[in-house]
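Dear colleague,

I am passing on the structure we spoke about, and I would be glad if you could look through it alongside the notes that follow.

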Amino acid sequence: MATKVIEYKSLNDSELVDLIRKKDYSAFEEIVDRYSPKAMRLALKITKNREDAKDVLQDTFVSVYKNIDTFKGESAFSSWLYRICTNFALMKLRNRKYDNQSDSMDENPNMDIDALASHSHTENDWSDRAENILMRKELREKIDQAIDKLPDEYRVVFLLKDVEGLSNEEIGETLNLSIPAVKSRLHRARLFLRKEISKYLNE
Amino acid sequence: MRCKDVVELLCDYLEGDLPEDLKRELEEHFNMCKPCIKFLKTYSATSKICRQVVEENLDEECAEELKKFLRNKLST
């Protein structure tokens, strides 16, 4: 039994996918072990709700298992999985908005490019203090909260690109957006987060 | 090129998507404008810092509960 576990762990994603296609359930469980924490993190960051994120995770992996034959291997398996996860998470968000119209309409931040792009001679350059910034728990919490403050459509693009490493093309396909629209949302999200971090460091 | 134009181009600049002439113009601006250099550096650092903040919030426990659910649902 122990050797079997080690064997699956040593396989790469595409070897596991081949086995899942042959209905090897242990290969699927290795994929669940490998990707569920990251998929959970993504679902939680998009939905901002643990129960919703758990549902998203279940739907995602059921879909991965049932639809493995539709994965053509044109992108990384992880990108395919994150795209499925994102779509289920967005569905949750949409359903929640129907259920509760006031939800997430409060505190919508200003994403106006002029407001986000302003910079002055007096602003600190904190770029070489990243390690130091990350050592400060209260600052990490504030950055995490700043990401949550992003409007949904900006937060999703930012997470897929800067955290999960999907290409602009993959994000465009997932969200049904043009490449310029993906870049525009990513840019504004980064500008907003940059401004927030600057604000905390200048306090 | 104005500082505002520089900010507009940062995303494309960092992805290597700018045409050569525009890239050169941007880099000439950076050579003369310290606030824009600071902006470029902090913009670039933002992605790295935020990625690390999000990445550390991994829920390693979720796999076991999920596997139980999936076994009931999928395993025959």
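**Notes on the two chains**

Leaving aside the neighbours within four places in sequence, B:K67 is in contact with A:E29 and A:V32. Please bear in mind while reading that this is a predicted model.

B:K67 itself sits in helix 4 of chain B, which covers residues 62-74. Is B:K67 buried, exposed or partly exposed? B:K67 counts as partly exposed because 17 C-beta neighbours lie inside 10 Å, where 20 or more would be needed for a buried residue and 12 or fewer for an exposed one. B:E56 lies eleven residues from B:K67 in sequence, and the C-alpha atoms of the two are 22 Å apart in space.

Turning to chain B as a whole, it has four helices and zero strands, so that its pattern, read along the sequence, is α-α-α-α. The radius of gyration of chain B is 22 Å, whereas the globule rule gives 11 Å for 76 residues, and chain B is therefore more spread out than a compact globule. Taken along the principal axes, the box filled by the C-alpha atoms of chain B is roughly 65 × 25 × 15 Å, and buried residues account for 25% of the 76 residues in the chain.

The contact between the chains draws on 39 residues from chain A and 35 residues from chain B. On the side of chain A that touches chain B, the elements giving two or more residues are helix 3 (25-47), helix 4 (50-66), helix 7 (130-135), helix 8 (137-149), helix 9 (152-163) and helix 11 (179-202) of chain A. Helix 3 of chain A provides the largest share of that side, with nine residues, and the side as a whole divides into 19 nonpolar, eight polar and twelve charged residues.

Within chain A, helix 4 packs against helix 5 (residues 77-99) at an angle of about 135°, and the axes of the two helices are 9 Å apart. That angle makes helix 4 of chain A oblique to helix 5 of chain A, and the crossing of the two is right-handed. The residues that helix 4 of chain A brings to this contact include A:D52, A:D55, A:V56 and A:D59, and those they meet in helix 5 of chain A include A:L81, A:I84, A:C85 and A:F88. By type, the residues of this contact between helix 4 and helix 5 of chain A divide into seven nonpolar, two polar and four charged.

With best wishes

Definitions and conventions. Residues are numbered from 1 along each chain as its sequence is written. Chains are lettered from A and ligands numbered from 1 in the order in which they are written. This is a predicted model: local features need pLDDT of at least 70, side-chain atom pairs count only at pLDDT 80 or more; totals for chains, interfaces and linings use all residues. Two residues are in contact if their C-beta atoms, placed from the backbone, lie within 7 Å. The radius of gyration is taken over C-alpha atoms; the globule rule is 2.2 Å times the number of residues to the power 0.38. Ala, Val, Leu, Ile, Met, Phe, Trp, Tyr, Cys and Pro count as nonpolar, Asp, Glu, Lys and Arg as charged, and the others, Gly among them, as polar. Axes are lines fitted to C-alpha atoms, for helices over the stretch in contact, and angles run from 0 to 180 degrees between N-to-C directions. Angles under 35 degrees count as roughly parallel, over 145 as roughly antiparallel, 65 to 115 as roughly perpendicular and the rest as oblique. A crossing is left-handed if the near helix is turned anticlockwise from the far one by less than a right angle, and right-handed if clockwise.
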